[in-house]
Amino acid sequence: MDLSIGIETRDEYLSLEVAKGAMTMVRDVLLAKPGETVLITGDTSSDKRVIDAFAAAAYAIDAVPVILTYATAPCAVMDPPAPVEAAVEKADVWIEVSLSYIMHTKAFQKAMAAGTRYICLTGMDVEMLVKTVTRVNYDLMIELGEHFKKILGEADKIQVKSKNGTDLIAYHHGRKIRHSGQRATKKGYPIMLGGQTSWCPIEETINGTLVFDGAIWPPAEIGKLNEPVRLTLKDGIVTDITGGVEADIFASWLASYDDKDCYRLAHYSQGFNPGVTKTTGRIVEDERVFGCMEFGIGSQGKAIMGKCWDAPCHTDGILLKPTIILDDVVIEQDGVYVDPVAKEICRKMGVAGY
């Protein structure tokens, strides 16, 4: 994780910008209302400044903030302590900033079934909050996501390529696209930080090579990648992992679960938050590097609108500077959007190069 020691770790660092971003998130994205309970769950790896800012924003609009902090679990997607499980099910709004997030667990599933409005902000610190919320035009970012949702949903064949060796082909066959960076307008429907669409092509049609070159997390031993990790996929399942030391760590981590579902490709995602220009090791931020693609492997939730399965793990990997081809039409070339509508929205957002 990149830190400017002596600056970023001070309580007053970006304090006004953090307050503004927290209010945007609580009031304008999560749509918290007076009298609603806003639960913020964090672990001992969370940035307390962010937790406190969310609580203050909730209190300022007459919602009821509740903070729960507990020890950092060894890995994400592990069942939380029982009191946390009970609390998330009863909350109106749930903001998760725990590093070892509990999305995809049974506790999470119970909360969604109960109608909780949820956002995953795992590992968010003050830098991330300011870069990805305070300093971006959230409305235009949502507009860009809606455009991507439309053109992806209209396409059948999707090919993802990159100069580092990625060549992955799959087919949608009518599968729906999820704009996960939306506002929380639906009860029991999880949203994510703005700047992301997510979906899964027909699982059995996913074939080829996928090379991660930005980040992989979990396992905790990796994060930002120092060298590419190459995956071979056949019918939607990872059949081989090659590369250097980090590839070996990743392969050993997956094998440790001894569960075939850990090798299933769970989703494709686009990243397009203009506040993120490089990987940092904070996966929620890394998934939104402007122009990147992110792929999930392991457990798959209902929100993706593909097949749904439980696995004992879920990991996300980042591909920087992809080329995306929809039905033989290039919409992104080496990390730069060439689709004319996308280019115009990027220009309005002030993204460099557009």
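This is a predicted model: local features need pLDDT of at least 70, side-chain atom pairs count only at pLDDT 80 or more; totals for chains, interfaces and linings use all residues.
Me: What makes the pair of Phe108 and Tyr118 edge-to-face?
Reply: The ring centres of Phe108 and Tyr118 are 5.1 Å apart, and rings pair if their centres lie within 6.5 Å. Their planes stand at 70°, and planes over 60 degrees apart count as edge-to-face. The pair is therefore edge-to-face. The structure holds 13 aromatic pairs.

Me: Which parts does the pair of Phe108 and Tyr118 tie together?
Reply: Phe108 belongs to helix α4 (residues 106-113), while Tyr118 belongs to strand β4 (residues 117-120), so the pair ties together parts that are 10 residues apart in sequence. Both Phe108 and Tyr118 are buried.

Me: Why is the pair of Tyr268 and Phe295 called edge-to-face?
Reply: The angle between the planes of Tyr268 and Phe295 is 65°, and the term applies over 60 degrees. The distance is 4.9 Å centre to centre, to be set against the limit of 6.5 Å. Because Tyr268 lies in strand β14 (residues 265-271) and Phe295 in strand β15 (residues 293-300), this pair ties together parts that are 27 residues apart in sequence. Tyr268 and Phe295 are buried.

Me: What makes Lys186 count as lying over the face of Tyr189?
Reply: Lys186 is at 5.0 Å from the ring centre of Tyr189. The rule asks for a distance within 6 Å and a position within 35 degrees of the ring normal. Lys186 is accordingly listed over the face of Tyr189.

Me: Why is Cys120 counted as buried?
Reply: Its relative accessibility is 2%, and buried means under 20%; Cys120 therefore counts as buried. Cys346 is buried as well, with a relative accessible area of 0%. Buried residues make up 57% of the 354 residues in the protein.

Me: How do you know that the radius of gyration of the protein agrees with that of a compact globule?
Reply: For 354 residues, a compact globule would have a radius of gyration near 20 Å, and the protein has 19 Å, so the value agrees. Along its principal axes, the C-alpha trace spans about 50 × 45 × 45 Å.

Note on methods: Residues are numbered from 1 along each chain as its sequence is written. Side-chain values use heavy atoms; hydrogens and water are left out. Rings of Phe, Tyr and Trp (its six-membered ring) pair if their centres lie within 6.5 Å; planes under 30 degrees apart count as stacked, over 60 as edge-to-face and the rest as tilted. Helices (H or I, at least four residues) and strands (E, at least two) are DSSP runs, numbered from the N terminus. Buried means under 20% relative accessible area, exposed over 50%, partly exposed in between (1.4 Å probe, protein chains only). The radius of gyration is taken over C-alpha atoms; the globule rule is 2.2 Å times the number of residues to the power 0.38.
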